[in-house]
Amino acid sequence: MQEIREAGEARMALVLEAWKLLRAIRGPVDTLFEHFERMSHTSACRALLEMGVMAASELAEALGVDELLLVRLMRVTTIPGPFSEVCAAGKNPESETNNPYTFAHRTGGKTMWEYMAQFPERTKAFDYVMQSQTQAAMPTVGLFPFAGELSKFKNDDETPLELCPDIKGRIILQCRSDVIDDISWEFPGIERMKYGFFTPQPIKAAPIYYIRRCLHDWPDEVCVRILKDIAASMDPAKSRLLIAEMYLPDQGANIEAAWFNMTMMTPSGRERTKSDWT
Ligand SMILES: C[S@@+](CC[C@H](N)C(=O)[O-])C[C@H]1O[C@@H](n2cnc3c(N)ncnc32)[C@H](O)[C@@H]1O
């Protein structure tokens, strides 16, 4: 009996040390995101089992379930198992006012954003997560040669850009009014503007319109509306639209992309595959 107890204790001690090692490797942000991985995996397994699913091929049709929904759930569960990936994604209809978030919170026809705006603490927490993610894991601004591209434009505006002092012009940060109101610190050289999608874009003929991590929150049809509003303000001769989003490979997504894709299901958005974008 004592041997069995000691072996059990030694095993638990080893597991604990392994956890400590894993945490040290992952670091604080990635360790936090591990909860998303586990949550996505558990919920996807549960949903798939409730559907009666144990393999992916042609199940969407056989089960009468939406193919994209099935593939999203399967994607999370094929990486650590128990399922194996054998096919790629299709499409599913989605609604910004009828999705897991609006169902869970009974939002009464409001989108997740409209509903969340009623609770400033939730908006604040959400914004904080966006900032932390950006600082820790998403240096996307550095991926595009803003200075080089902007220097190609002749500009009557004499304001030097704080971020690229050799270039003149304005940088305008747009977001929902509750988010703009929530910013309590100065952004030197960056103007803030309250702007909601689905209204005409007030900044006309800008050299660059930059939209980052917004389209993944919305279904395709809504993305088209958002993009049309931007397009209507662009100058075809000089304006460029820059979209910063992750994309999933058509097959073989990694676990981070898979749980992001699951998370985006919450408001009816999704992480799109390379072929979705092209
Ligand atoms: C996933 S966050 C990305 C935030 C930021 N662009 C980034 O990359 O960190 C999506 C943003 O879309 C904003 N948003 C949601 N609905 C909006 C609307 N109708 N008009 C403008 N912005 C909206 C949210 O407030 C939120 O800040």
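Mentor: A polar contact is a pair of N or O atoms within 3.5 Å. Keep that cut-off in mind; the model is predicted.

Start with the ligand. An N or O atom in the Arg212 side chain sits 2.6 Å from an oxygen atom of the ligand. For Arg213, a polar side-chain atom is 2.8 Å from a ligand oxygen atom. Phe197 uses its backbone: a polar atom there lies 2.8 Å from a nitrogen atom of the ligand. On its own, the ligand has 580 Å² of accessible area, and the protein covers 87% of this.

Now the make-up of the shell.

Next, Gln174. This residue belongs to strand S1, which spans residues 171-175. Its relative accessibility is 25%, so Gln174 counts as partly exposed; buried would require under 20%, and exposed over 50%. Beyond its neighbours within four places in sequence, Gln174 contacts Ile180, Met193, Tyr195, Gln201, Pro202 and Ile203. Take two of these partners. Tyr195 is 21 residues away from Gln174 along the chain, yet their C-alpha atoms are 5.6 Å apart. With Gln201, the link runs through side chains: a polar contact of 2.9 Å joins Gln174 to Gln201.

Conventions
Residues are numbered from 1 along each chain as its sequence is written. This is a predicted model: local features need pLDDT of at least 70, side-chain atom pairs count only at pLDDT 80 or more; totals for chains, interfaces and linings use all residues. Side-chain values use heavy atoms; hydrogens and water are left out. A polar contact is a pair of N or O atoms within 3.5 Å; within protein, one must be able to donate a hydrogen and the other to accept it, and residues adjacent in sequence count only if both atoms are side-chain atoms. Accessible areas come from the Shrake-Rupley method with a 1.4 Å probe; for residues, only the protein chains shown count as cover. Helices (H or I, at least four residues) and strands (E, at least two) are DSSP runs, numbered from the N terminus. Buried means under 20% relative accessible area, exposed over 50%, partly exposed in between (1.4 Å probe, protein chains only). Contact means heavy atoms within 4.5 Å.
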